[in-house]
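Please look over this two-chain contact with me.

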Amino acid sequence: MTERDRIDCEEVVAHLLDYLDGEIDAEKRVQIDRHLEECRGCYSRAEFERELRRRLRELGKESAPETLRRRLKALLDEF
Amino acid sequence: MWRAVALERSRASAPGLDSAGRTAGFPVNPADDRAFFCGEIGRLTNRLYGTALRLTRNTAQAEDLVSETVVKAWASLGQLTDRACFEKWILRILANTFISGWRRAREEPVGTLTEEEDEEDGFSLFDRLHQPFLLWWGNPEQELINKLLREDLDRALNALPDCYRTVVVLVDMEGYSYAEVASVLEVPVGTVRSRLNRARASLQRALWNQARAAGLVDTGQEQEGERR
């Protein structure tokens, strides 16, 4: 990797959320990957954002109430 | 209404009728369709309800939303080209149903962030908590995440206005791409990105405030964070 390909922490922070969302071009992704391998501060930031998302995803884990299950069964029985 | 939809669906899947969009060579059999559909709904009921609850913030409305989604999905099952994609397909129907018909019918406001929240576009919980000199000795940001309760996250997410909460649910919880969310919401991708950034900043600000109120942030961290 040449110096030209290196990016600084400021640029990583600017693109980090897009990077974690998979909304970034391949070249930038590689640059950030490499930066994160070398920069503990940015790596910690990325891990923090990942962990926060993981906790958010857990919120979607609900157990459907029995009333809904009965309602869906009645609907499906009519299909 | 759902009886009419069911009738329409059974006609559409009858032998000899158009099965456009279905896997080529796949036999058209209403009984197979039904068995497949019922199996998938049974498997995904919790998932559908969880997403619906995050979107509506109301258990009764979440049940209505899931039921309406199931009826719509059955009516358009013939349009599903790859059955392996059923989960994503029906979640998209659920999101569409919430965003278009559901919310408009009830004339609920889309909502906006407060002026203060809007100005805090770049708020970062990590910046408030991270202490570089502790790199090898501690990790206060990770410690805070570990201390946050499900209710803390739930409260912060539910406090977001609809249009901001929706993008967080679809991207952070459901794994949608920006383009997919833009398509569902009928807004440009740039709008999705800016709403997401503001929503995340507002969410993290709410978590920060909750952490302070609950005494999860020590005074030193708080003062250091305020200086940033």
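This is a predicted model: local features need pLDDT of at least 70, side-chain atom pairs count only at pLDDT 80 or more; totals for chains, interfaces and linings use all residues.

1. Residues are numbered from 1 along each chain as its sequence is written, with chains lettered from A and ligands numbered from 1 in the order in which they are written.

2. Start with the contact. Chain B gives 40 residues and chain A gives 30 residues. Two residues are in contact if their C-beta atoms, placed from the backbone, lie within 7 Å. On the chain B side, α2(B) supplies the largest share, 10 residues. Helices are DSSP runs (H or I, at least four residues), numbered from the N terminus.

3. Now one helix pair. The axes of α3(A), residues 40–59, and α8(B) come within 10 Å and cross at roughly 85°. Axes are lines fitted to C-alpha atoms, for helices over the stretch in contact, and angles run from 0 to 180 degrees between N-to-C directions. The two helices are therefore roughly perpendicular (65 to 115 degrees).

4. Who touches whom here? R55(A), L56(A) and L59(A) of α3(A) meet R150(B), L153(B), D154(B) and L157(B) of α8(B).

5. Is E51(A) buried or exposed, or in between? E51(A) sits in helix α3 of chain A. It has 14 C-beta neighbours inside 10 Å, so it counts as partly exposed (buried is 20 or more, exposed 12 or fewer, partly exposed in between). Beyond neighbours within four places in sequence, E51(A) contacts Q142(B) and I145(B).

Notes. Angles under 35 degrees count as roughly parallel, over 145 as roughly antiparallel, 65 to 115 as roughly perpendicular and the rest as oblique.
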